[in-house]
Amino acid sequence: MALLKLAQKGTPLPFVPGALAEFANETLPTKYVVEWQAGSSLNGSDKTANAVLATDSGEVVGCGAVTASILSALAPAAEELGWVTFAQTRLGGSAAFKDLGQAFDELDRHLQMRSYVVGYAASAADAALWGALRASAIFQRNLKLASQQVLGAALLRWYAHISAQPFVQRLTASLAGAQTAAKAKPAGEKTADQGSFDLGLEGVEDGKVVTRFPPEPSGYLHIGHAKAAMLNDYFARTYNGKLVVRFDDTNPDKEKAEFEEAIMEDLRLLGITGDVVTHTSDYFQTIYEYALLMINKGLAYVDDTAQETMREERAEGIASRCRDLSVEENLRRFDEMRRATELGMTCCLRAKMSVDNPNKAMRDPVIYRCNPTPHHRTGSTWKIYPTYDFCCPIVDSLEGVTHALRSMEYRDRNPQYEWFFPALGLRPVAIKDFSRMNFVYTLLSKRKLQWFVDAGHVSGWDDPRFPTVRGIRRRGMTIDALRQYVLMQGASQKNMLLEWDKIWSLNKRVIDPVAPRHTALLKKELVPATVVGAPAQPEIRDLPKHKKNPELGTKQTVFSALLFVDQSDAASFAAGEEITLMDWGNAFVRDIERSADGVVTGLTLQLHLEGDVKATKKKITWLGQSPAVHPVEALLVDYDYLITKKKLEAGDSIEDVLTPVTEFTDAAIVDANVGVLPRGAIIQLERRGFYIVDQLAVDNELGLVKLIQIPDGKAASMASKHKEDPSVARAKKGAAGSPWDKGGAAKKGKQSADPLGLDKPENVCDMYTTQNMYGAVPLPEPKDVCAMYESKKFY
């Protein structure tokens, strides 16, 4: 093991050796412990000592020397080494501004169609280049401005992608922790796209950290679970520790083996593999014995109070009549519970914590309850089951968990969690909280999601409208984008209501360089067009699937004298107008045929391939016809949010905020190449957006290829499509207040029915009755009056 010390204010900032060391920690048996230290030098006034590597053979001082030492251990390929040299010489602190701009351009061009600098995975080249850019003040200044003119879109995309890699996250997290400790910067400071992972874990020892992810196998993982799983995995890997995946299977009414299999598959897709996979049910006998211990110590009692009464007593701070039962009676009753007798079925076991603690979670919580339903793993062996709050501290302690990372919703129950350790004589476990990821128009409660499934509002847990990992994957979310987004959020403890735009924008940046381009036309009022100058016989040509990414291969495109165009395009044409047929060339519109109601029924086009495609305003998609290659029929599907309200309040009913229509479909024809794509393939339909193949024609009852539109993060695609009926909106607005005020049922000056059934009288304003001050005085219309007062003519 080697110790790498880095100066927080070094010149240059030593991110290159730091990033290479953390990258090496993922690939080499030799581990580098990275420490950030305050100041600009690690050796007095020696400014070159911005990095020091201490090994068994001595110390290496300075960024260049330390980088060379780590590279000798990594032994990168020649191409990787070339880019490391590029990072040190072309992007280094001594480079002139003009030279930096050229280097940025060169790197941007290289990354146009690449996710990594070399190959298909992160390498030493990525680590060194990221480190050099992170240390570059000019790059960082333009990064904050998101300046694509200076940096380039591909370079910005790559930098965000590498910033989300675990080895970079470890480096930046250690720097943030050191800065917080030294109070050099405000705690939690982070860049615009990177969350802080500094949770302030206490008692951390490298190689001894154990975290756990304990999902209940009663549903599928949703995006909130993804954050919890990734954070626990992140800290386990950062400290070379262990991650326990434990299924909290303590409620046989809801749990199924199929959910366990689905959760494990989702975790694998997220790139998470538990070092150990366990079940709470493995410890049922042990937990039962701990319950007996609590009864014998007078720390628990069996309560047969009715559920509603118990709820009221806890709320009011009233002790249960069963609280002072003898140990013998409690043991007898607990045995009745174990056997699920008639008496036992009316009882529960409660921990004797407090009657009137201000924190109501501490008011004698239930820790065991009866349930005769057979368990999916243990069958009918048990008829009593521990609650999550009881088993969690016990199993965490027994399994060696050192840090229990939990979302903020458990914060009130943290004292309860800690109470059990001394009560049962168990090794304590440190708790740390992090915020949940809550999204607008989205429900993450499994109970509420189950209601949507049971009520038939969705097709299942993998419905594209669901926030489950499977649901958003089916909608076209890539695992790479999801992982980057979660890591960007960091381990913040501040609850936020997030918009969906950023995660979908990130997803677009991931798929855009690798999504093949195809064509789709809406079948409704499809327009045939005759093309003068086209080949007499249809020609099939191979065109690139992606003009900027030739590695994706080619697609077959039909060029023929008869082709089809969209009604919306045809309706916008004028006779004599020059247009561009995408991937073919220009053409003049010679004739437009219309039906009696103005719908275009046919076109005649004349090719003008010599025309300048840059000069035309209309560039349209089209599909040709050939006996050998036919367009394929497809169904284009888009979705809306399941609810119409951004955030549900405590008193809201789901039924009241259900979106009436959440699925929108269009029949279409697509180019023949789409018909052979596999399920899950992501493509771009030119001028329509990105889509994912959800069903093949052979799997669809209508014989259509089903394509689901992938949101792109733009405001138009993220806005709710639901528009409330104006009459409903007016009824809601006028539901309260005076019938004549602004919120009433009628506007001022209009007759309206009074709640007592009386019409509004004349000469009445909204507050009181008034009479004419001078009686019935006639007011003739004067001839010599200006806008303010009466005046006589001067002449």
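Modeller: Strands here are DSSP runs of E with at least two residues, numbered from the N terminus, and the model they are taken from is a predicted one.

Colleague: Between which two strands is the loop that holds D364, and is D364 buried or exposed?

Modeller: D364 is a residue other than glycine, yet its phi is positive, near 40°, while most residues other than glycine have a negative phi. Its loop runs between β9 (348-351) and β10 (366-370). Buried means under 20% relative accessible area, and because D364 has a relative accessibility of 2%, it counts as buried.

Colleague: And is A75 buried or exposed?

Modeller: A75, which is not a glycine either, has a positive phi of about 50° and is found in the loop between α2 (63-74) and α3 (78-89). Exposed means over 50% relative accessible area, and because the value for A75 is 59%, this residue is exposed.

Colleague: Is the peptide bond from T11 to P12 cis or trans?

Modeller: Most peptide bonds are trans. P12 lies in the loop between β1 (2-7) and α1 (15-27), and, with omega near -5°, the bond that joins T11 to P12 is cis.

Colleague: How are helices α12 and α16 oriented to each other?

Modeller: The axes of α12 (residues 284-296) and α16 (residues 414-424) come within 11 Å and cross at roughly 75°. The contact is made by Y290, L293 and M294 of α12 together with W419, F420 and L424 of α16, and by class it has 6 nonpolar, no polar and no charged residues. Angles of 65 to 115 degrees count as roughly perpendicular, and the two helices α12 and α16 are therefore roughly perpendicular.

Terms used. Residues are numbered from 1 along each chain as its sequence is written. This is a predicted model: local features need pLDDT of at least 70, side-chain atom pairs count only at pLDDT 80 or more; totals for chains, interfaces and linings use all residues. Side-chain values use heavy atoms; hydrogens and water are left out. Axes are lines fitted to C-alpha atoms, for helices over the stretch in contact, and angles run from 0 to 180 degrees between N-to-C directions. Helices (H or I, at least four residues) and strands (E, at least two) are DSSP runs, numbered from the N terminus. Angles under 35 degrees count as roughly parallel, over 145 as roughly antiparallel, 65 to 115 as roughly perpendicular and the rest as oblique. Contact means heavy atoms within 4.5 Å. Ala, Val, Leu, Ile, Met, Phe, Trp, Tyr, Cys and Pro count as nonpolar, Asp, Glu, Lys and Arg as charged, and the others, Gly among them, as polar. Buried means under 20% relative accessible area, exposed over 50%, partly exposed in between (1.4 Å probe, protein chains only).
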